[in-house]
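Trainee: I am new to this structure. Could you take me through the terms used for it?

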Amino acid sequence: MSLLSMNLTTQKVITLMRLALGFIFLWYGVLKLFPDLSPAEKLATMTIEKLFFGLIPNDVSIKLLAILEIIVGMGFLFKVYTRIVVVVFLVHITFTFTALFLLSDICFTQAPYAFTIVGQYIVKNIVFILAGLLIYINEK
């Protein structure tokens with residue numbers, strides 16, 4: 001495989017990653033607009049409540065998070081301000097890891113090595129971060 005064809009293939013994969021992240025975040029965000037529809041709603045509101053010392057009501061925090069995720073999703077899907085979208089995405093996704101520390105009782109069966117399904121849900125975000133970094137460094 002020549003360097004040129006490999007580079008074109010890489011660009012196609014990065015485009016697919018951008019679209020996949022866009023679709024996932026749009027979907028996650030829309031689900032959060034409807035009470036009790038998102039499986040991550042409780043985790044998200046509990047984490048935000050701890051991070052902001054209960055200053056933001058749960059019904060407000062989940063809507064704000066939904067809007068943020070929808071904006072990120074749309075930015076990825078439509079390739080609008082992609083570098084800014086990736087930075088917002090990376091900040092957001094990095095904050096998801098705070099639940100491992102703030103809510104360790106629901107993230108681990110035996111900390112720090114035996115995850116619950118919630119912990120696994122959070123740790124898989126490492127792959128999202130790597131995809132976001134690839135998108136960022138390849139954005140022209």
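Mentor: Helices (H or I, at least four residues) and strands (E, at least two) are DSSP runs, numbered from the N terminus. By that rule the elements of the protein chain run α-α-α-α-α-α-β-β-α-α, which comes to eight helices and two strands. The model is predicted: local features need pLDDT of at least 70, side-chain atom pairs count only at pLDDT 80 or more, and totals for chains, interfaces and linings use all residues. Residues are numbered from 1 along each chain as its sequence is written, and side-chain values use heavy atoms, with hydrogens and water left out.

Trainee: In which helix is Glu-41 found?

Mentor: Glu-41 belongs to helix α2, residues 41–51.

Trainee: Why is Glu-41 said to have no salt bridge?

Mentor: A salt bridge requires a side-chain nitrogen of Lys or Arg within 4 Å of a carboxyl oxygen of Asp or Glu. The nearest side chain of opposite charge, Lys-63, is 6.5 Å from Glu-41, so there is no salt bridge.

Trainee: What does the side chain of Glu-41 reach?

Mentor: It reaches the backbone nitrogen of Asp-36 at 2.7 Å.

Trainee: Which residues does Glu-41 touch, not counting those up to four places away in sequence?

Mentor: Phe-34, Pro-35, Asp-36 and Ile-62; contact means heavy atoms within 4.5 Å.

Trainee: How much of the protein chain is buried?

Mentor: Buried residues are 37% of its 140 residues.

Notes:
Buried means under 20% relative accessible area, exposed over 50%, partly exposed in between (1.4 Å probe, protein chains only). Lys and Arg count as positive and Asp and Glu as negative; His and the chain ends are not counted. A polar contact is a pair of N or O atoms within 3.5 Å; within protein, one must be able to donate a hydrogen and the other to accept it, and residues adjacent in sequence count only if both atoms are side-chain atoms.
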